[in-house]
Amino acid sequence: MTSRQRSAESNSLSPRRRTVVKAAAATAVLAAPLAAALPARAADEAPAFLHGVASGDPLPDGILLWTRVTPISEAVPGSGLGPDTEVGWVVARDKAFTTVVAKGSVTATAASDHTVKADVRGLTPATDYWFRFSAGGTESPPARTRTAPASDGAVANLRFGVVSCANWEAGYFSSYRHLAARGDLDAWLHLGDYIYEYGTGEYGTRDTVVRQHAPAHEIVTLADYRIRHGKYKTDPDLQALHAVAPVVAIWDDHEFANDAWSGGAENHTEGTEGAWSARQAAAKQAYFEWMPVRTAIAGTTYRRLRFGKLADLSLLDLRSFRSQQVAVGNGSVDDPDRTLTGRAQLDWLKAGLKSSDTTWRLVGNSVMISPFAIGSLSADLLKPLAELLGLPKEGLALNTDQWDGYTDDRRELLAHLRSNAIRNTVFLTGDIHMAWANDVPVDAGTYPLSASAATEFVVTSVTSDNLDDLLKVPEGTVTAVAAPVIRVANRHVHWVDTDRHGYGVLDITADRAQMDYYVLSDRTKANATSSWARSYRTRTGTQKVERTYTPV
């Protein structure tokens, strides 16, 4: 029975491939017998909600609720242990739950790692709600969520938190804590790399593992991915943000493996680590189990949400359908038979942008669409920048993992925007551990004489290594040298910060879309402070970015 049926009472970049592969498969084989050998749990021990509660994908009349219940102490993530458990959920207009508007129940089973979702409908648009779960006499903490405005509703303002790239071992998730403390978000966007797949110490941490993730080896099996997701969901700052606003999330490569494409990944050894198809399926299953995300078209993360007449948000999946990345310099980046999006997704995106009747068309985009040329960087800067961007060490000006490696898709999309006079398209991007504010030129080689078809705001990483971390130099050192050179070689780039960690706050009105960039004092400190760094906006009808000197 589905949650809907039960709701009768509802009123409604990357390091190269290492040579030694950890024994992940052997560990998975041993996990079940070891868990089975644990002592039985006391009969009177109550279920627990150890991984927080969350909501996501807001609709005008609904919201997706999520939690995981631990029915017995042995039923840890990935164990496959634990009995079926009835989990109740309730939605109210107040934190005290005196005005209940919907309730129901779902069954948590080992088959879904004891995660549950309730897709609640019949709610009021643009309204704050409170929800919680219960099982066996235990209640989860209460959490706040919010529905989207009515599809035809006049909306004066929207505000979203924007984040990406959270490496557990590199530091603490203070960005999430500071976003949670604001109390003014309609939702928050996670643009990919919610988790990382590497084994302990194998991915950028400035050579210091601040806190060790689990499992310690690289994740390969379904159990591995479940354990890693479960570890992330124990973070108090992440739990806090999930408990105050709905998330809208897409995946990038590290939810699978570094530089993933439809048929493999740079960080996957076929055979030694099993078949890529099996690993990809395991990663997707764990993601949809552990994230408050509706399974979208073809079991991917591409889908579209609407926020009244002010904005719609097209969310992309740039890993499931892409062709393999190619080496730089052989001309095949322009091959029309190669694709980043896949034909169906690109047609879907173009049709949605053309038919949109909202003021703003937002695109949740996991890798940078703006073209990027390195220019004349010194050798000491070129090597770490090449590593961060996945470029050849000789420094040819292309990152083939981004839209730069699939120029025919980008050319077709930008031409579509221009030929159909589609205005106010804003790409919201993560991935490269730097903050950028860009125009998206039709022809970068002649810009600014050529037109800008859209704008792009790129947020930096929550914790994953920036350029200063790779170089092991004081924060700000690299930006001071590299940013001017990057801007000279890329006249559509208004700003780039190569060094700092943090998050963005996107504020939208009918007149403008503005990104406020915030930075953290120290990713390795659990009590890191946050400060405003810069703000950029695009005014309606301009398709260009400009600096503004105060945050909203």
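## A seven-stranded sheet

In this predicted model, seven strands come together as an open sheet with mixed pairing. Reading across the sheet, the order is β14-β15-β16-β17-β19-β18-β20. At the edges sit β14, covering residues 303–307, and β20, covering residues 493–497. Each of these two strands pairs on one side only. On average, and ignoring direction, neighbouring strands of the sheet are turned by 20° against each other.

## Helices against the strands

Which strands does helix α7 touch? This helix, made of residues 343–355, packs on the sheet and touches β14, β15 (311–315), β16 and β17. The direction of α7 makes about 15° with that of β14.

Now turn to helix α11, residues 477–489. Helix α11 lies across β18 (435–441) and β20, and runs at about 160° to β20.

## Two cis peptide bonds

Two prolines are worth a visit. The peptide bond leading from Ala214 to Pro215 is cis, and its omega is near -10°. You will find Pro215 in the loop that lies between β10 (187–190) and α4 (222–232).

The peptide bond from Tyr447 to Pro448 is cis as well, here with omega near 15°. Pro448 belongs to the loop between β18 and β19 (452–458), and both of those strands are part of the seven-stranded sheet described above.

## Two residues with positive phi

Where in the chain is Phe97? Phe97 lies in the loop between β3 (85–92) and β4 (100–108). Its phi is near 60°, a positive value in a residue other than glycine. Is Phe97 buried or exposed? The relative accessibility of Phe97 is 9%, and buried means under 20%, so Phe97 counts as buried.

Follow the chain on through β4 and you reach the loop between β4 and β5 (115–120), where Asp113 is found. Asp113 is not a glycine, yet it has a positive phi of about 60°. With a relative accessible area of 2%, Asp113 is buried.

Definitions and conventions: Residues numbered from 1 in each chain as written. Predicted model: local features only at pLDDT ≥ 70, side-chain atom pairs only at ≥ 80, totals over all residues. Heavy atoms only, no water. Pairing = 2+ DSSP bridges. Helix = DSSP H or I, 4+ residues; strand = E, 2+ residues; numbered from the N terminus. Axes fitted to C-alpha atoms, helices over the stretch in contact; angles between N-to-C directions. Contact = heavy atoms within 4.5 Å. Buried < 20%, exposed > 50% of the residue type's maximum accessible area, 1.4 Å probe, protein only.
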